Structures are given as structure tokens and as C-alpha cells.
Amino acid sequence: MNKLLFAILFTGLLSFNAQAFQKDGCGAGECRQCHSLSEEEAGKLLKDGVDKVLRVDFAEVPGLWLVEAEKQGKRFPLYVDFSKSYVVAGNVIRLQDGKNLTSQREAELNRVDVGRIPLQDALVLGNSQAPHRVIVFTDPECPYCKKLHVEMQEVVRRDPDIVFLIKLFPLKMHPKAYGISQSIVCAGSLEMLEDSFAGKPVPVPLCDTDVVDQTIALAPQLGIRSTPTLVLPDGLVAPGYKKADDLLKLIKGQ
């Protein structure tokens, strides 16, 4: 008799718990019913850490909000936990595929207007009429630019629908790069850039131009401070060296 009563009570308890979680609990998968964070509240939580909160949404990582913020003109993602007690300001990596979710969102938030980038001085690698136009900021003495250039050559060999438009952006850390860039721009010579990458001497500038100075001034306004840096057709900024396969995926999703 006692065993029967226990079984009835236990079965009823399970039924009650199941119904409760199905209707009202976060276990049902609708955390929006239990947790909320407005842009105004996020701004108060983050205080002086940001100038403005642009958007708040649930992050891909369970238990966190994704807060898109701005500070001194730079947009970036932050993560706030559901208790509203902690903020995470760092890289969130998805283990399944190794994708850096933080850097991806930061790039999306800081797309540039490609129309702001003058291209009449750009060196052309590939078919100038190709529909997929990628702008590349490069330094003639940058070793990673040299490596990327080889991969870019492979990309245009494999896909004639892609063209790279190269802007000379010499960094202060390479003292000879400015003069070399001036010479390359004056000559409009892709071959001279490749000679520089190969360690060959580049002749002195044959003209007086401020094109390189204009690029040096423009790049930081676009959030570009290192080389190599690619600007994709949709304005997405992708810094750093990448292999040909990765470039093709980045540009065309292949």
C-alpha cells in the first residue's frame, strides 16, 4: 500500500515539474521570457567604458548578451552575463569550426565606405574588369605583404572574376618604405612593387606626388593601421596574411 502511494505521488510530481518547465521555464528554450537587457540599461552597466550602446541581442554563447558598443568612433562587441554582474571583453571562439565570433562581429560593425578610397593610383593585380574588386593596403617592405602578394597571384590565376586594387601604405616601422612607395606610385608599376618584395633595388621617385601621404592620412580614418589589410567589396575590413583558399572563401564564399 505504501509503495503504491509513493508511486502515485512520484508520478504526479514528475508530471507537475514537466508541465512547469514546458510552460514557464528557461529550459523550454525561450530565455527571452526570463531575461531582458535594454540598450539604456546596458549603457548604465558599462558606464564610462563606452560612449554609446548601439544594440543588444542574445549572444550565440548561452547565458550572455551581445552588446554592440562604440568608443571614440570605434565599434566593437562586448558580452554581458544574464546576472548583469560581469562583462567579457575578449575573443569568443567557436570550438566547432575555430571561428572567432568577436573579431567577425567587430569587422561587421566597422565596415567602410569603399567609395571613400580613391583608386586612380591603385596598382591592378588581375583583370581590371573583374566584378569582384578587393582593395589591398600594402607596404613594399612588409614581409607579410610579400607573402600575401603571392597568394593573391594564385587567387587571380584560379578565379579571373577577382581583381586586387593595391594601395601603397608605408608604415613608419619600415623607414625605406615611404620612398619606395613614392617611386612605385609615380611609375604606376606593379613590377616595381614585386621587385621590392624580391629585395631588388627600386629607383628614386620620378615625380612629386602627395598620393602616398593621402593614403597614410586616410587609412586610420577607415580603421586601417597595419599591413596587409584587405577591404572587401561590401566594405568588410580583413587585416593580415591569408592563404589563397582562405581568400577565395572570404571574397566569394567558395
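Hi everyone. A quick note before we start: this is a predicted model, in which local features need pLDDT of at least 70, side-chain atom pairs count only at pLDDT 80 or more, and totals for chains, interfaces and linings use all residues. Residues are numbered from 1 along each chain as its sequence is written, and side-chain values use heavy atoms, with hydrogens and water left out.

Let's begin with Thr229 itself. Is Thr229 buried or exposed? Its relative accessibility is 2%, so Thr229 counts as buried (buried means under 20% relative accessible area, exposed over 50%, partly exposed in between, with a 1.4 Å probe and protein chains only).

Who are its neighbours? Leaving aside residues up to four places away in sequence, Thr229 touches Ile135, Val136, Phe137, Ile224, Val237, Ala238 and Pro239, where touching means heavy atoms within 4.5 Å. A polar atom of the Thr229 side chain also lies 2.7 Å from the backbone oxygen of Ser226.

Now for the sheet. Five strands form an open sheet, in the order S7-S9-S8-S10-S11, with mixed pairing; two strands pair if DSSP finds at least two bridges between them. S7 (123–125) and S11 (237–239) are the edge strands with a single partner each, so one side of each has no neighbour in the sheet.

Finally, S10 and S11 pair in the antiparallel sense over three bridges, and Leu230 stands opposite Ala238 in S11.

Definitions and conventions:
A polar contact is a pair of N or O atoms within 3.5 Å; within protein, one must be able to donate a hydrogen and the other to accept it, and residues adjacent in sequence count only if both atoms are side-chain atoms. Helices (H or I, at least four residues) and strands (E, at least two) are DSSP runs, numbered from the N terminus.
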